[in-house]
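Try each task before reading its solution.

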Amino acid sequence: TGQEKHTTERHRGRPVVAGQPDLRLQILDIAEKLFATHGYAATSVRQIAEQAGVNPALVHYYFGNKKALLQNVMDRALAPLVQAISAMKDSPETSPESIVRLLLSMASSHPNIPRLMTREVLLPGGEMKQHFTENMAPSLGGALPGLLGQAQTAGRVRQDIDPAITSMQIMALCIFPFIARDLAEPVLGIQFDATGIELLAQQITQLLRQGIEL
């Protein structure tokens, strides 16, 4: 299954030795940053290896090829989000605020992922567009309208909102600040530390409460 495949990829390579850096995670961190900054096509395995301080052969040892490395970068950030959204389906307390905090948690843990997704998923010709559309989108943004529909049925959200459009708006409110971070920090003075992220969560939640909640 897809989950089994993901688990297999996650454990590929040498075991981590206590007290030594996890080279696999180190490579993923560097790849996430470079893919987001320069794009998949303009980033080479050699560049990633040099910044990670490893031999390019080790990158291939862990991940096989550059495309698989990109997929692992995406899966590492988004698989926990998929699991959390799935768990929300069984929770009677799911609310727009809980969705907001979940999305912000992912983006703050992996601040390069929003830009990477813009490059390689949203824009035409993106390297991960097909993989994301077929394997991840239904369980991520595609699952949010159902969660909002549950909240409507439970009487926590207004009946006159469209769950699909509202889901897109929530994703935009939570994810776009990280795409625009290079300008948002110096121009608008928005902070992306723990205090700033909490303020962002509060502001988005207040906006949603006034607009869609009962």
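**Exercise 1.** Find the salt bridge between Lys67 and Glu127, and state which parts of the chain the pair ties together.

*Solution.* Start with the contact. The side chains of Lys67 and Glu127 form a salt bridge, 3.4 Å from N to O. The criterion is a side-chain nitrogen of Lys or Arg within 4 Å of a carboxyl oxygen of Asp or Glu. Lys67 sits in helix H5 (residues 66-88), and Glu127 in the loop between helix H7 (113-122) and helix H8 (129-135), so the bridge ties together parts 60 residues apart in sequence. Helices are DSSP runs of H or I with at least four residues, strands are runs of E with at least two, and both are numbered from the N terminus.

Now check accessibility. Lys67 is partly exposed at 34% relative accessibility. Glu127 is partly exposed at 31%. Buried means under 20% relative accessible area, exposed means over 50%, and partly exposed lies in between (1.4 Å probe, protein chains only).

A note on the source: this is a predicted model, where local features need pLDDT of at least 70, side-chain atom pairs count only at pLDDT 80 or more, and totals for chains, interfaces and linings use all residues. Residues are numbered from 1 along each chain as its sequence is written, and side-chain values use heavy atoms, leaving out hydrogens and water.

**Exercise 2.** Which helices does the salt bridge of Arg209 and Glu97 tie together?

*Solution.* Take the distance: the closest N and O atoms of Arg209 and Glu97 are 2.8 Å apart. Arg209 lies in helix H12 (residues 194-211) and Glu97 in helix H6 (residues 96-109), so the pair ties together parts 112 residues apart in sequence. Then widen the view. Glu97, Arg101, Glu198 and Arg209 are linked in a network of salt bridges. Arg209 is partly exposed at 45%. Glu97 is partly exposed at 24%.

**Exercise 3.** Where does Val187 lie?

*Solution.* Val187 is in helix H11 (residues 181-188). Val187 is exposed, with a relative accessible area of 61%.
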